[in-house]
Every structure is written in structure tokens, then in C-alpha cells.
Amino acid sequence: MGWWQIDTDALANSRFLVSPLAETVAALQTLDLPRAAHPGERAWLAARLPAYRARLAGDPIDALLVRAALGTSWNADFVTPTPLGECERSFEEELDQVRVTPPAAAVADLSVSLGGGPVPEPLRSANDLPHRMAELLAWVWRETVLPTWPRRRRALEADVVARTARLARGGWAAALDELCPGKTRWLGDGRLQVNTREYPPRSVAGGRLFFVPVTPSRGWVSWEGRERFAIVYPCVGVLADTEGPAVPSALATLLGRARAGVLVRLESPKSTSQLVALTGQGLGSVGRHLKVLLDARLVRRRRAGRSVLYDWTEAGAALVRAQSGPRSGALGAGAGPSE
């Protein structure tokens with residue numbers, strides 16, 4: 001397995017970061033290997049995949065470039081640049097990191113992503129690979145990511161809030177464990193497993209460490225020398241269920257469907273921004289629903305570090321579970337003793 005040695009200074013200087021470019025690369029990976037991880041991703045693929053395939057069919061060199069760059073075990077480094085610093089950058093600013101890659105360096109990166117094998121022609125002799133990849137990523141951003149970027153961004157921010165709250169409650173081990181399920185986990189003694197491949201350990205001592213969430217079910221690691229390291233990981237569950245938990249009809253009648261939809265999602269603590277991402281409701285609407293639920297003592301509010309989280313009180317849990325479970329004492333078929 002591959003793991004990084006992380007000292008206390010690196011952890012102290014680390015941060016979560018939203019990256020439009022990482023989101024776009026993850027979208028490209030999903031389009032190129034169209035395996036939907038959940039219903040929301042399946043619907044997105046159905047809407048966007050035909051145009052993507054038509055785009056590659058119209059430019060065979062771009063199609064060959066994508067196949068080479070998104071290797072079976074490693075992405076070409078120039079496609080997944082490590083964030084430059086703690087300040088979030090626009091998509092165009094991040095894309096410049098791809099554009100300014102020297103063509104010879106891009107070819108060398110492709111050789112690595114191809115497992116050390118030869119880079120096929122016409123890629124090997126092309127002098128515009130970084131520009132081509134940047135243009136393709138710009139197309140993916142414009143046509144497949146940007147139309148839903150506000151919702152995606154809410155989901156990313158909600159994930160960061162949840163991770164930060166977990167960090168405040170349980171420390172770094174709790175916050176970093178299972179960033180990418182089955183690939184990353186905290187090993188103890190300052191060691192973080194970053195993948196399951198037999199790569200040599202790497203020291204992050206003295207460097208900056210970034211954790212970058214994306215909404216597609218993709219993830220990777222990257223680094224720039226000994227100064228900057230990044231782990232790109234999929235959001236946990238934020239977009240996995242576009243419908244959310246079922247709202248019992250009696251509960252919807254009692255509270256209103258929108259307010260009941262907020263309540264049923266609070267079995268585990270969530271922030272206002274998470275609820276906005278999960279419900280699709282506006283920030284003001286969610287805030288008003290939470291105030292009513294707080295006044296009714298169905299939910300409670302707790303501070304976790306700099307975040308405020310909401311979850312059920314005993315009364316709220318009893319109300320939701322009473323409406324969600326089987327109705328006791330009902331008459332009709334199946335009401336008698338089972339045989």
C-alpha cells in the first residue's frame with residue numbers, strides 16, 4: 001500500500017479546499033469510464049454522455065490523449081495539478097496550470113500514466129498536448145459541470161463542514177479515515193494510507209497538505225515536489241440519494257413536506273449548508289424550518305468547533321420513527337397472528 005508520513009506541522013497547516021478543476025477532472029473520468037455510482041450520477045451521465053462521445057469522435061487525437069492521460073493506475077500529472085495554495089482559485093486560473101505545462105513534460109507524464117510504456121503517435125510528436133487537454137477540460141467544465149456548479153458547490157461545502165465537525169469531535173484520525181473508502185485510512189503514528197498500490201512511502205513533513213472533495217465518485221493523490229500535497233476524495237453520501245429519505249405522509253401533513261424533509265434528515269448531525277445541499281431548498285427556507293423545529297423541541301443545536309450542527313432530540317426521534325415504522329393495531333389483511 002502507498003502511504004504518507006505526516007507530521008504535526010503538516011497537519012496544522014493542512015486545509016480542505018474546493019477546486020473547480022478537480023471537479024472537472026473527476027467529471028471527465030466519469031464520462032470516460034461511465035459507471036454510475038448512484039442515481040444522480042446515472043441521470044447526469046444519461047444527459048451528458050452523448051455530447052461527450054460526439055466531441056471525442058470529432059477529434060481522434062483528443063480521444064487518444066484522454067485514453068493515455070487517464071491511465072489504469074495513475075493519471076498524467078499535468079492533468080491533475082496540485083493546488084497552488086490555500087486561496088481558492090477560479091476554474092480558469094487553475095486551468096492555466098495545465099496550459100503552461102511544457103509539451104515534453106506532458107509526454108513524460110503520459111508515459112507514466114501508460115505504465116512506463118511508449119507514448120503512441122501522434123501524441124509523442126505533438127507539441128500542443130497541454131493546450132489540447134486544457135481545451136477539452138474547458139469543454140467538460142462548460143458543458144457538463146458549470147450548469148450544476150451551484151448545487152455541486154453546496155455539496156462540496158457541506159462535506160467540508162461535516163469533515164471539519166468530525167475533526168473537532170474526534171481529531172484527525174476521525175476526519176481523515178475513509179476519505180476514499182477502501183483506499184485511504186489512518187494507520188497511526190502519523191501515517192496516512194493514500195492508496196492500495198505498492199508505492200514507496202512519501203514524507204509530507206514541512207509541506208502543505210490539501211484535502212479536495214469532488215462530487216463524482218472518483219479520487220486521486222498528487223504532489224508538487226516536497227512543498228504541496230493533495231488528496232482528492234469523493235463526497236460521502238451528499239449526492240448519492242437524490243430523493244433523500246422517504247417523508248411519511250402523516251408527518252408531511254403535520255409539519256409540511258419541506259419542513260418534514262428537513263427533520264427526517266437529522267438522524268445524524270448536519271449543518272445548515274449540508275441541509276441546503278441535501279434538500280435543494282434555499283438557505284432562508286432551511287433556516288426558518290430549523291427555527292420552527294427548534295422551538296418545538298424536535299431538534300437541538302450544538303456547536304462543533306466553528307460549525308453549528310442540528311440533530312434530533314428524543315422527541316424528534318420518537319416522532320419520525322413512530323411515523324416511519326409499521327402501524328401497530330391496524331386492522332385488515334395480515335393484522336392477525338402469523339402462521
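Pro213 has Tyr233 as its bridge partner in strand β8. The model is predicted. The points below place this bridge in its sheet, then follow Tyr233 to an aromatic pair.

**The sheet**

- Strand β6 (residues 208-214) and strand β8 (residues 228-234) run parallel and are joined by 7 bridges.
- These strands belong to an open sheet of 4 strands in the order β2-β6-β8-β7, and the pairing in this sheet is mixed.
- The edges are taken by β2 (15-16) and β7 (220-224); each has a single partner strand, so one side of each has no neighbour in the sheet.
- In general, strands of a sheet pair through backbone hydrogen bonds, in either a parallel or an antiparallel way.

**Aromatic side chains**

- The whole structure contains 8 aromatic pairs.
- In the pair of Phe16 and Tyr233, the ring centres are 6.5 Å apart and the planes stand at 80 degrees, so this pair counts as edge-to-face.
- Phe16 lies in strand β2 and Tyr233 in strand β8, so that the pair links parts of the chain that are distant, 217 residues apart.
- Phe16 and Tyr233 are both buried.
- One aromatic cluster is formed by Trp4, Trp74, Tyr199, Trp223 and Phe229.

**A charge over a ring**

- Arg191 is placed over the face of Trp3, 5.6 Å from the centre of the ring.

How values were computed. Residues numbered from 1 in each chain as written. Predicted model: local features only at pLDDT ≥ 70, side-chain atom pairs only at ≥ 80, totals over all residues. Heavy atoms only, no water. Pairing = 2+ DSSP bridges. Helix = DSSP H or I, 4+ residues; strand = E, 2+ residues; numbered from the N terminus. Phe/Tyr/Trp six-rings, centres within 6.5 Å; stacked < 30°, edge-to-face > 60°. Buried < 20%, exposed > 50% of the residue type's maximum accessible area, 1.4 Å probe, protein only. Lys NZ or Arg CZ within 6 Å of the ring centre and 35° of its normal.
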